[in-house]
Amino acid sequence: MDTNRTLTLVPPVRLEGYGVRLREWSEADLADLVALYDDPEMARWTPVASPFDLDAARAYLAGAREGRAEGRKIQLAVTTDGGPPRGEVLLFRSGADERDVELAYGVGPAHRGQGLAGRAVRLAAEHTVREIRPRRVVLRIDAANVASEAVARACAFELTDEPPVRRVSRGREVVLRTWRLRP
């Protein structure tokens with residue numbers, strides 16, 4: 001991926017495969033966003049606001065639209081049928097190397113244990129490789145997040161020997177290990 005190239009897709013963004021459909025968020029999803037993100041596990045592993053209420057959902061949706069318009073990121077609702085969201089997959093240019101695309105993901109508490117994260121990550125990663133053509137597709141995961149590391153392994157990502165990435169989330173430092181999609 002050329003560093004001047006942006007992560008833009010022709011609207012409407014919709015990906016389908018592996019029994020999931022990824023689609024853009026809409027205003028109709030605000031209550032579902034609250035149900036997904038107002039959760040202790042989401043607060044523990046993601047940088048979203050906590051508590052996550054309707055105002056936070058509106059700000060989140062506005063940020064998703066702004067990031068997409070600027071070509072920095074694409075946030076897609078994870079569904080099984082194009083309807084109510086059950087989680088999210090986020091694609092964005094890596095801060096460490098803009099030739100890389102980083103994926104992030106989360107599944108709401110009522111929808112965990114169904115393989116949704118793995119199927120959504122696999123679909124988004126394949127799309128990224130095929131359409132965006134980055135140098136690498138990476139995940140950054142806290143070593144204590146055993147569930148996310150299991151998703152990474154199941155989706156053909158491998159742990160790199162790169163130094164951990166340090167980020168600040170809600171005033172606390174998080175240390176993330178880098179996983180890359182195996183060629």
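My entries on cores and charged pairs follow.

**Entry 1: the cores.** I noted at the start that this is a predicted model. I looked up the largest nonpolar core and found 29 residues in it. Leu 22, Leu 91, Leu 103, Tyr 105, Leu 139 and Phe 157 have the most contacts inside it. Then I listed the elements that give two or more residues to this core: β2, β3, β4, β5, α4, β6 and α5. Helix α4 (116–132) gives the largest share, eight residues.

**Entry 2: the salt bridges.** I read off 22 salt bridges in the structure. I followed three of them.

- Arg 23 pairs with Asp 29, with the closest N and O atoms 2.8 Å apart. Arg 23 counts as buried at 15% relative accessibility, and Asp 29 is buried at 4%.
- Asp 100 pairs with Arg 136 at 3.1 Å between the closest N and O atoms. This pair links strand β5 to strand β6, 36 residues apart. Asp 100 is buried at 0% relative accessibility. Arg 136 is buried too, at 18%, because the cut-off is under 20%.
- Glu 149 pairs with Arg 177, the closest N and O atoms being 2.7 Å apart. Glu 149 is in helix α5 and Arg 177 in strand β9, so the bridge ties together parts 28 residues apart in sequence. Glu 149 is buried at 5%, whereas Arg 177 is partly exposed at 28%.

**Entry 3: a network.** Which residues do shared partners join into one network? I found Asp 97, Arg 99, Asp 100, Arg 135, Arg 136 and Glu 162.

Methods. Residues are numbered from 1 along each chain as its sequence is written. This is a predicted model: local features need pLDDT of at least 70, side-chain atom pairs count only at pLDDT 80 or more; totals for chains, interfaces and linings use all residues. Side-chain values use heavy atoms; hydrogens and water are left out. A nonpolar core is a set of buried Ala, Val, Leu, Ile, Met, Phe, Trp, Tyr and Cys residues joined through side-chain atoms within 4.5 Å. Buried means under 20% relative accessible area, exposed over 50%, partly exposed in between (1.4 Å probe, protein chains only). Helices (H or I, at least four residues) and strands (E, at least two) are DSSP runs, numbered from the N terminus. A salt bridge is a side-chain nitrogen of Lys or Arg within 4 Å of a carboxyl oxygen of Asp or Glu.
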